[in-house]
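Have the sequence and the 3D view open as you read.

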Amino acid sequence: MYDLTGFQRDLLYVIAGLDEPHGLAIKDELETYYEKEIHHGRLYPNLDTLVDKGFVEKGQRDRRTNYYTLTRRGTREIEARREWEAQYVDPDGQQAPAEH
């Protein structure tokens, strides 16, 4: 996950937290978080990158609507990222103690 942009990591987290979201549901979640509009030209190419890297699977709900789910790899990457983060920030949001 180290080679993803922050936006791509945020996409993974949103997809993980929703049940087979479609692109507009993901867009709405991110717009709420970022407090600004997310353009389709930013959203969909980044979703495609996550699919190409094997983090996300794209399915088709109907002829016009795709949905997204995490792959096993995507789930493992989020878990590994959270473990890595926990080395520096504890679950309560406090700075983790430094190890010497």
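## Ground rules

This is a predicted model, so local features need pLDDT of at least 70 and side-chain atom pairs count only at pLDDT 80 or more, while totals for chains, interfaces and linings use all residues. Residues are numbered from 1 along each chain as its sequence is written, and side-chain values use heavy atoms, with hydrogens and water left out.

## Two helices that cross

Helices here are DSSP runs of H or I with at least four residues, strands are runs of E with at least two, and both are numbered from the N terminus. The axes of helix 1 and helix 4 come within 11 Å and cross at roughly 115°. Axes are lines fitted to C-alpha atoms, for helices over the stretch in contact, with angles from 0 to 180 degrees between N-to-C directions. Helix 1 and helix 4 are therefore roughly perpendicular; that label covers 65 to 115 degrees, with under 35 counting as roughly parallel, over 145 as roughly antiparallel and the rest as oblique.

## Salt bridges

The structure holds five salt bridges, each a side-chain nitrogen of Lys or Arg within 4 Å of a carboxyl oxygen of Asp or Glu. One of them joins K53 and D3 at 3.0 Å, N to O. That pair links distant parts of the chain, 50 residues apart: K53 is in the loop between helix 3 and strand 1 (56–60), and D3 is in the segment before helix 1.

Another pairs E31 with K27, with the closest N and O atoms 2.8 Å apart. Both lie in helix 2, four residues apart, about one turn of the helix. E31 and K27 are both buried, where buried means under 20% relative accessible area, exposed over 50% and partly exposed in between (1.4 Å probe, protein chains only). D48 and K58 also meet in a salt bridge, at 3.5 Å, N to O. D48 lies in helix 3 and K58 in strand 1, so this pair ties together parts ten residues apart in sequence.

## Two loop residues with positive phi

E20 has a phi near 45°, a positive value in a residue other than glycine. Look for E20 in the loop between helix 1 (6–17) and helix 2 (23–34). E35 isn't a glycine either, yet its phi is about 60°. E35 sits in the loop between helix 2 and helix 3 (40–52), and E35 is exposed, at 72% relative accessible area.
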